[in-house]
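I opened the notebook to record what I looked up in this structure. The entries run from the terms to the whole chain and then to its parts.

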Amino acid sequence: MTFEEFILEARDMGASDIYLTVGAPTVVRVNGELQNFKELSDVVVNRTILSILTAEQEQLLTTGNDIDFSFELESGVRQRVNVFRQSGKLACCIRLLNDKIPSLEDLKMPPILTELASKKRGLILVTGPTGSGKSTTLSSIVDYINKHRACHIITIEDPIEYRYTQAKATIHQREVGKDVATFSDALRSALREDPDVILVGEMRDYETISLAMTAAETGHLVLGTLHTSSAVQTIDRIIDACPPHAQEQARAQLANMFQGVVSQTLVPTADRKGRVAALEILIGTDAVKSQIRSNKIPQMESSMQSGARQGMCTLHDHLLRLYNRGVIASDVALEYAPNRTEMEKALANTVSGF
């Protein structure tokens, strides 16, 4: 079996990830659950991992570096890879990316995401834990802009995951470590490259966050990701990333250009044959911007609960909505609810007809 056939077989199973480890079984993740895949000898696993590395990457690996990159099969499908050592042995995780960028409709996203994608300036964040589909949602937003607006889009990614087919937009995709040294270097350069839209693959540190906010404040639409588990936590994380003396200014900056946060996690569907995004959405209304400016972050939960007309929702409300539509089962709603007791009451009221 060739490596391409190996990847394609995992794709046929509906796998999202493959885990190759010398000295351990090869497993795949299907609909969020791990299962055994192939019985491969340690020699084959070792050789397979090394076969997808360049000589330069292999040298970096021997000096203690983890390797992040993406690669494309002859069939055109792309994979994102992280190669590392554990217990002195080689291992890698291969993320199997979609062979085409799904639309926001394909992802069953609410209309508010289309409205956010239509903004001309400001900051939009898509957040969630690793493996929650952030990159796919962001790519769908970028592709929506590509198909509906004649503009210049610059993406800064590590690594590049999806290749865009230019429609109305002109798109330049820059890969950190290959085309540019760091996210912050790429952002500085982007401001001199006349972009309308900037995608920042990950806002990891204060310098990147500060540059992204400056770009949004100066008339660009900036899209970015953070590894946070809720919309409110995202606002806290941005402010906390700034030095204490800069936090008041950061709150004022963020309040001026904040458009919205979409925090998502993937949960199993009722038939257990797939997963769907459970969302928490915070929109930059005047009330929310005032809360950011005056550091009243805890009040945002109430704003989301009462902001349905503006497209906002809490994770609790969206899980309940998915349950009422028959998309997810009650045990899933309970498992992923931020407050299990409140969800139990809500489900009981639903069953009772209230």
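**Terms first.** I call a residue buried under 20% relative accessible area, exposed over 50%, and partly exposed in between, using a 1.4 Å probe and protein chains only. This is a predicted model, in which local features need pLDDT of at least 70 and side-chain atom pairs count only at pLDDT 80 or more, while totals for chains, interfaces and linings use all residues. Residues are numbered from 1 along each chain as its sequence is written, and side-chain values use heavy atoms, with hydrogens and water left out.

**Whole protein.** I looked up the elements and found 14 helices and 13 strands. These are DSSP runs numbered from the N terminus, helices being H or I with at least four residues and strands E with at least two. The radius of gyration is 21 Å, close to the 20 Å that the globule rule gives for 354 residues, so the protein is as compact as a globular protein of that length. I note that this radius is taken over C-alpha atoms, and that the rule is 2.2 Å times the number of residues to the power 0.38. The C-alpha atoms fill a box of roughly 60 × 60 × 40 Å along the principal axes. Of the 354 residues, 50% count as buried.

I then checked contacts, meaning heavy atoms within 4.5 Å. Among those between residues at least 6 apart in sequence, 58% join residues at least 24 apart.

**Helix H7.** I picked helix H7, residues 206-217, which has 12 residues. From first C-alpha to last it reaches 16 Å, close to the 16 Å expected at 1.5 Å a residue; the expected span is 1.5 Å times one less than the number of residues. Which residues of H7 are buried? I listed Thr208, Ile209, Leu211, Ala212, Met213, Ala215 and Ala216. The buried residues of H7 pack against several elements, including strand E7 (122-127), helix H6 (183-190) and helix H9 (247-257). After H7 comes Gly219, whose phi is positive, near 105°.

**Salt bridges.** I count a salt bridge when a side-chain nitrogen of Lys or Arg is within 4 Å of a carboxyl oxygen of Asp or Glu. The structure holds 14 of them. Arg188 forms one with Glu207, with the closest N and O atoms 1.9 Å apart. Arg188 lies in helix H6 and Glu207 in helix H7, so the pair ties together parts 19 residues apart in sequence. Arg188 is partly exposed at 33%, and Glu207 is partly exposed at 37%.

Glu175 bridges to Lys178 at 3.8 Å between the closest N and O atoms. Are these two buried or exposed? Glu175 is buried at 7%, whereas Lys178 is exposed at 62%.

Glu202 bridges to Arg204 at 3.5 Å between the closest N and O atoms. Asp158, Glu202 and Arg204 are linked in a network of salt bridges.

**Aromatic pairs.** I pair rings of Phe, Tyr and Trp (its six-membered ring) if their centres lie within 6.5 Å; planes under 30 degrees apart are stacked, over 60 edge-to-face, and the rest tilted. The structure holds 4 such pairs. Phe3 and Phe71 have ring centres 5.9 Å apart and planes at 35°, so the pair is tilted. Phe3 is in helix H1 (residues 3-12) and Phe71 in strand E4 (residues 67-72), 68 residues apart. Phe69 and Phe71 also form a tilted pair, 6.4 Å centre to centre with 35° between the planes. Both Phe69 and Phe71 are buried. Ring pairs link Phe3, Phe6, Phe37, Phe69 and Phe71 into a cluster.
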